[in-house]
Amino acid sequence: MHDNSDQDDYQWPMCVTPRCNRQLWVAEAGRYACRPCEDRAAKHLTELGPLFRRLTETGTLMRGARRPGGATSGSRTPPIPPRLEVLALTANGGVATRLRDIEDSWRKALGWTVAPWRGSSTQAVPEHLRFLANNLPWAVSSYESIGQDIDELRKLHAECTAVAANERRPGRVSIGRCPARYDDGTHCRADLTATASSHRVRCGQCGARWETLGEWRELRAAQEAVTAEQAQETGVAA
Ligand SMILES: [Zn+2]
Ligand SMILES: [Zn+2]
């Protein structure tokens, strides 16, 4: 097991980031994490801001559009884009909480008070990112547990990137039939689709559009009205 037991009395310092294990250069003496790891973490911190903003805009619309009592309970109308992974990142316990946990552990190591309350995650995330970016140089050289935090930032960045990248997937989310009514009273009934990145739903057949949160709710209500109407007609016919 211990092939190198005769060399154990001196080990050249290694970067503490999981899976990096780069030997530190002489110029990096006294650091816990290597420079490439610091640079990557700094880049992740910079990019997480815009990524999170984008996910939040999508998440807010979907949260508002979800019915109380759960998204998947036996509704006849398909749900507004069921992008639960977006919610997992933007809601409590998501990006804001995970960044705050890192900030708190750094503050503890620095002997500072815990991170102040900064309001909603939309308000808090940029503040956490700023704190972490400002203190990253300290952390890579003086914070023993920096490796796990660099790894957590990498994971967060990867998760946000993956979710945000869904917009580039050709597949769109089916959100039910178009409830618009033509002048003769018939319903359009074309299949509507949505992507996670866009607030806009546009019917390819009749051109009806829904964009704002209020309009998403109206779309859902109109779809339910059509479903109810049809159920009634079926009931009468039977
Ligand atoms: Zn490294
Ligand atoms: Zn239509």
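Mentor: The axes of α3 and α4 cross at roughly 40° and come within 9 Å. This is a predicted model, in which local features need pLDDT of at least 70 and side-chain atom pairs count only at pLDDT 80 or more, while totals for chains, interfaces and linings use all residues. Residues are numbered from 1 along each chain as its sequence is written.

Trainee: Why is α3 called oblique to α4?

Mentor: Angles under 35 degrees count as roughly parallel, over 145 as roughly antiparallel, 65 to 115 as roughly perpendicular and the rest as oblique. The angle here is roughly 40°, and that makes α3 oblique to α4.

Trainee: Which residues of α3 and α4 make the contact?

Mentor: Contact means heavy atoms within 4.5 Å, and among the residues that make it are Leu99, Ile102 and Trp106 of α3 and Val125, Leu132 and Trp138 of α4. By class, this contact of α3 with α4 has 14 nonpolar, three polar and four charged residues.

Trainee: What makes α3 roughly antiparallel to α5?

Mentor: Helix α5 (residues 146–164) packs with α3 at an angle of about 165°, their axes being 11 Å apart. Because that angle falls in the class over 145, α3 is roughly antiparallel to α5.

Trainee: Which residues of α3 meet α5?

Mentor: Val95, Arg98, Leu99, Ile102, Ser105 and Trp106 in α3 do so, and the residues that they meet in α5 include Leu153 and Leu156. By class, the contact of α3 with α5 has eight nonpolar, one polar and five charged residues.

Technical notes. Chains are lettered from A and ligands numbered from 1 in the order in which they are written. Side-chain values use heavy atoms; hydrogens and water are left out. Axes are lines fitted to C-alpha atoms, for helices over the stretch in contact, and angles run from 0 to 180 degrees between N-to-C directions. Helices (H or I, at least four residues) and strands (E, at least two) are DSSP runs, numbered from the N terminus. Ala, Val, Leu, Ile, Met, Phe, Trp, Tyr, Cys and Pro count as nonpolar, Asp, Glu, Lys and Arg as charged, and the others, Gly among them, as polar.
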